[in-house]
Amino acid sequence: MAGIRLQPEDSDVSQQARAVALSAADLVSDDDRSIAADSWSIKSEYGSTLDDDQRHADAAEALSNANLRAPSDYSSDKEEPDAEAVSSMLGFQSYWDAAYADELSNFREHGHAGEVWFGADVMEVVASWTKALCIDISQGRIPNHVDDVKAEASEQGDKILSSWSVLDIGTGNGLLLQELAKQGFSNLTGTDYSEGAISLARSLANRDGFSNIKFLVDDVLETKLEQEFQLVMDKGTLDAIGLHPDGPVKRMMYWDSVSRLVASGGILVVTSCNSTKDELVQEVESFNQRKSAAAQELEVAKDEESCRDPLFRYISHVRTYPTFMFGGSVGSRVATVAFLRK
C-alpha cells in the first residue's frame, strides 16, 4: 500500500524554482499538475529524461513484447488507476534542477540541508536495516526476517562493511550516504543527474565531516559508470522515473541499467512510496523474464538452465514501518525491498 499517500506537507521549493519547473508545461497538463500536487506527499529525489531515440524505441518494443503492466496494475486490491500512473512534473529534470538550485541557495545562505526525502526516520531505518542485511550476507546467511536481526557493533562488523562498495543512485542531497557512513560503510559513491543536487551533496558532506564520500553527475538511465558495486541503493529514484510520461518504458531502462551496476552476488535495495513490496517483486520478475527470453533468443546462455536463472532474486523487505488498514488490506506508506544479483 505504499502508493497510497496523505496530503502533501508544505514544500521548501521557492516560487522561482516552481517557475523553472513549469518550463515543461507543454508536456504536462493542468490536471496532471493537480494530481502531482495532491498525491506526492513523500518526495522522491530523482527524475530522469533520455534523448536516445534508439534505446527508447528498443525499450518500447521490449515493453510491448513482455506485456509489462504499469506498476499500479500489479496489486489486486487496486481497481482504479492510481495517481502515480499519471505523468507529473516530478518526472522531469527541469523540476529537480530548479528544486536543488533553490536548496543549494538556502544552504549557502542559511546552512539548511534541505528536504530529507521519505523523512529522517525512514532514512535511519533503511541504513540500519541495510547494515544488518549486508553483515548477514557477508557471513553466508540469507535472512528471511532481517528485522529480527540486530547487528552488533563490533570490529568485525565494521571491517565487513568497510569492504563493501556502495552506490546511491539519485542521491539528491546525499544524506542517505552520510547515514550509511555512520553505520560503518566507507566506500561510498552518490550519483544524480542534477548538477545542483551533486553540488549540494558535496557541500553537506564536507560540512558534516564526510569528505570521503564521492559524488558524480550521472543519469542512471544512460549511466557512464563502468564500475560494479556490491550494494546499490535507490530511495525514490524509481518512483520519480515512473512519473515521467514515458514512465513504463523508462522503468524498463532503469532495470537494464541497474542490472549492470550491481555486482554479481551484490544487493539492490529499493525504497519506494509509489510501489508496494509485492509490486516491486512483480516488476523484477517481469524484468527477469524479459532478460531470460532475450538470452534464449540470442543464444547467449551456455545452457537452458542458466537462461532460467533469475538475474535478481527477492531476499527480504523492511517489516517495521508503521502499517494501516485500507480497503481490507494492511499496508504502509513506504516499502523497502532487497534483491540479490545473480
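The legends below describe close-up views of a predicted model.

Residues are numbered from 1 along each chain as its sequence is written, and side-chain values use heavy atoms, with hydrogens and water left out. Local features need pLDDT of at least 70 and side-chain atom pairs count only at pLDDT 80 or more, whereas totals for chains, interfaces and linings use all residues.

**View 1**
Arg290 lies in helix α11, residues 277-298. Helices (H or I, at least four residues) and strands (E, at least two) are DSSP runs, numbered from the N terminus. Arg290 counts as buried because its relative accessibility is 16%; buried means under 20% relative accessible area, exposed over 50% and partly exposed in between, with a 1.4 Å probe and protein chains only. The side chains of Arg290 and Asp256 are joined by a polar contact of 3.2 Å. A polar contact is a pair of N or O atoms within 3.5 Å; within protein, one must be able to donate a hydrogen and the other to accept it, and residues adjacent in sequence count only if both atoms are side-chain atoms.

**View 1. Salt bridges.**
The structure holds seven salt bridges, each defined as a side-chain nitrogen of Lys or Arg within 4 Å of a carboxyl oxygen of Asp or Glu. One of them pairs Arg141 with Asp136, with 2.4 Å between the closest N and O atoms. Arg141 is partly exposed at 41% relative accessibility, while Asp136 is buried at 2%. Another links Glu179 to Lys182, with the closest N and O atoms 3.7 Å apart. These two residues are three apart in helix α7 (residues 175-183), so about one helical turn separates Glu179 and Lys182. Glu179 is buried, with 11% relative accessibility, and Lys182 is exposed, with 56%. Arg207 and Asp208 also meet through their side chains in a salt bridge, at 2.9 Å from N to O. Both are partly exposed, Arg207 at 43% and Asp208 at 30%. Elsewhere, salt bridges with shared partners join Asp256, Arg290 and Lys291 into one network.

Helix α4 (residues 93-110) has 18 residues and spans 25 Å from its first C-alpha to its last, close to the 26 Å expected at 1.5 Å a residue. The expected span is 1.5 Å times one less than the number of residues in the helix. Buried residues of α4 include Trp96, Tyr100, Asp102, Glu103 and Phe107. Gly111 follows α4 and has a positive phi, near 80°. α5 has 19 residues and reaches 27 Å between its first and last C-alpha atoms, close to the expected 27 Å.

A nonpolar core is a set of buried Ala, Val, Leu, Ile, Met, Phe, Trp, Tyr and Cys residues joined through side-chain atoms within 4.5 Å. The largest such core has 53 residues, of which Trp164, Val166, Leu180, Phe185, Leu231 and Ile267 touch the most other members. Elements giving two or more residues to this core are α4, α5 (120-138), α6 (155-162), α7, α8 (195-207), β4 (229-235), β5 (262-272) and β9. The largest share, nine residues, comes from α5. Leaving aside neighbours within four places in sequence, Ile267 is in contact with residues including Leu133, Ile137, Trp164, Leu231 and Phe339; contact means heavy atoms within 4.5 Å. Apart from this core lies another, of 25 residues, among them Val262, Leu268, Phe287 and Leu311.

**View 2. Thr271 in strand β5.**
Thr271 is placed in strand β5. Thr271 is buried, with a relative accessible area of 1%. Its side chain makes a polar contact of 2.9 Å with that of Thr336. Beyond four places in sequence, residues in contact with Thr271 include Phe118, Val122, Val126, Asp234, Asp239 and Thr336.

**View 3. Lys342 and Ser264.**
Lys342 is found in the segment after β9 (335-341). Lys342 is partly exposed, with a relative accessible area of 41%. Lys342 and Ser264 are 78 residues apart along the chain, and 5.4 Å separates their C-alpha atoms.
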